[in-house]
Amino acid sequence: MKYFDEYRDKRLCQSIIERIKELTTEEINIMEVCGTHTMSIFRSGIKDLLPENIHLISGPGCPVCVTPISDINHIIALARMDRAIIATFGDMINVPGSSSSLKREKADGADVRVIYSPLQALEIAQEFPQKQIILVGIGFETTIPLLASVVLEAKKKAITNFYLLSLTKLMPPIIRALLQSQEVTIDGMLCPGHVSTIIGTKPYQFIPDCYHIACVIAGFEPIDILIAIYHLILQKIKGEPQVENKYRRAVREEGNLVALNLITQIFSTVDSEWRGIGIVADSGLDLKSEYSDLNARNFIVKVETTKENNQCRCGDVLRGVVTPLQCPLFQKLCTPENPVGACMVSSEGVCAAYYKYSSV
């Protein structure tokens, strides 16, 4: 197949679904760990079209959603500094911290700017040399090379008023943490396509080797996802778990070596906190010491103590322990217009997907 329409062919989709139905009546749980997969599954109605014994569980695949309240509070504290400009992607401004949000800070006078590319932060830095421009760096392996390239560009242009707050996270360590926790029974892992274009297929090998769980890398069109689900079930039935790459048009076994080298040149692996999950060893990245003059963590600010809304179940949703429908706030106090938790804020959030596409 060469064109997008072929990956959305309804008759082909129905044919694959029929083949999935013929495979087994056994209960099978499949987790997707990519927000784009989650939205595609809901948008195309895959979740409702699959037989009842095949359960799709959404995991921690949205970078906005997994950013903990403590980091939101840190960003807000930076926004309150004199001469600071916060440059961030759009969804982050609506995520609530303990008692405020970037949106509220902006209304109170903070200079918070929504950007669509990390390079825009450098442009702002050049336009306002008397200000301190702080780029909020969130994202997984897909976004990290872009952030690394911005850091290099800042160095190259000798821009001294640009800083990066790295809140980036790595996918393999959080998958391992989820599987080790055994909170949820997972029979198959639908691995993220975008992340895999960077890291390749090898970093997932621990999933079948250590946990005997099926593993398929997939693209984002309905046919991509259905084919991946079919092969995950097939692996489960045969008892032969392995890493299968069903996104060969974008993912190579070795990944993108240029991007990987860029990441290792700029960043060091660190432990990182995930919303609802806690500290996960070696699951985040921070700037290496030679780039410490660009590290926004060096600003001394007073960060508000973390306060959680006890009724918000974003953390449980991100671990796949509950669905948004089991959160007492969902569709009541928590809506896209008035989000209580990050999963309702982000365009890739599980709660936002349920709210927008679920037929309940």
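Reply: A crossing is left-handed if the near helix is turned anticlockwise from the far one by less than a right angle, and right-handed if it is turned clockwise. The model is predicted, and what follows describes that model.

With that convention, helix 8 crosses helix 13 in the left-handed sense. Helix 8 covers residues 144–156 and helix 13 covers residues 257–266, and their axes come within 9 Å at a crossing angle of roughly 55°. Angles under 35 degrees count as roughly parallel and those from 65 to 115 as roughly perpendicular, so helix 8 and helix 13 are oblique to each other. On the helix 8 side the contact uses Ile144, Pro145, Ala148, Ser149, Val151 and Leu152, and on the helix 13 side Ala259, Leu262, Ile263, Gln265 and Ile266. Nine of these contact residues are nonpolar, two are polar and none is charged.

Another left-handed crossing is that of helix 1 and helix 12. Here helix 1 (residues 10–23) and helix 12 (residues 222–238) have axes that come within 10 Å and cross at roughly 15°. Because angles under 35 degrees count as roughly parallel, helix 1 and helix 12 are roughly parallel to each other. Helix 1 brings Leu12, Cys13, Ile16, Ile17, Arg19, Ile20 and Leu23 to the contact, where they meet Pro222, Ile223, Leu226, Ile227, Ile229, Tyr230, Ile233, Leu234 and Ile237 of helix 12. By class, the contact between helix 1 and helix 12 holds 15 nonpolar residues, no polar ones and one charged.

Helix 2 and helix 16 cross in the right-handed sense. The axes of helix 2 (residues 35–43) and helix 16 come within 10 Å, with a crossing angle of roughly 15°. Helix 2 and helix 16 are therefore also roughly parallel to each other. Thr38, Met39, Phe42 and Arg43 of helix 2 make the contact with Val350, Ala353, Tyr354 and Tyr357 of helix 16. Six residues of this contact are nonpolar, one is polar and one is charged.

Helix 16 leads on to the open space. The largest pocket holds about 770 Å³. Its lining has 39 residues, and those closest to the pocket centre are Asn94, Pro96, Pro339, Val340 and Gly341. Two or more lining residues come from each of helix 6 (102–107), strand 10 (267–274), helix 14 (314–318), helix 15 (342–345) and helix 16 (350–357). Helix 16 gives the largest share, three residues. The pocket lining is made up of 16 nonpolar, 14 polar and nine charged residues.

The largest cavity has a volume of about 60 Å³. Around the largest cavity lie Cys312, Arg313, Cys314, Val317, Cys327, Leu329, Phe330, Cys334, Met344 and Cys351. Nine of the residues lining the largest cavity are nonpolar, none is polar and one is charged.

The second largest cavity holds about 40 Å³. Met31, Leu178, Ser181, Glu183, Val184, Ile186 and Arg319 form the lining of the second largest cavity, which divides into four nonpolar, one polar and two charged residues.

Technical notes: Residues are numbered from 1 along each chain as its sequence is written. This is a predicted model: local features need pLDDT of at least 70, side-chain atom pairs count only at pLDDT 80 or more; totals for chains, interfaces and linings use all residues. Side-chain values use heavy atoms; hydrogens and water are left out. On a 1 Å grid over the protein atoms alone, a cavity is a set of points where a 1.4 Å probe fits but cannot get out, and a pocket is an open set with protein on both sides within 12 Å along at least five of seven lines; lining residues have an atom within 4 Å of a point. Grid points are joined across faces, edges and corners, and a volume is the space filled by probe spheres set on the points. Helices (H or I, at least four residues) and strands (E, at least two) are DSSP runs, numbered from the N terminus. Ala, Val, Leu, Ile, Met, Phe, Trp, Tyr, Cys and Pro count as nonpolar, Asp, Glu, Lys and Arg as charged, and the others, Gly among them, as polar. Axes are lines fitted to C-alpha atoms, for helices over the stretch in contact, and angles run from 0 to 180 degrees between N-to-C directions. Angles under 35 degrees count as roughly parallel, over 145 as roughly antiparallel, 65 to 115 as roughly perpendicular and the rest as oblique. Contact means heavy atoms within 4.5 Å.
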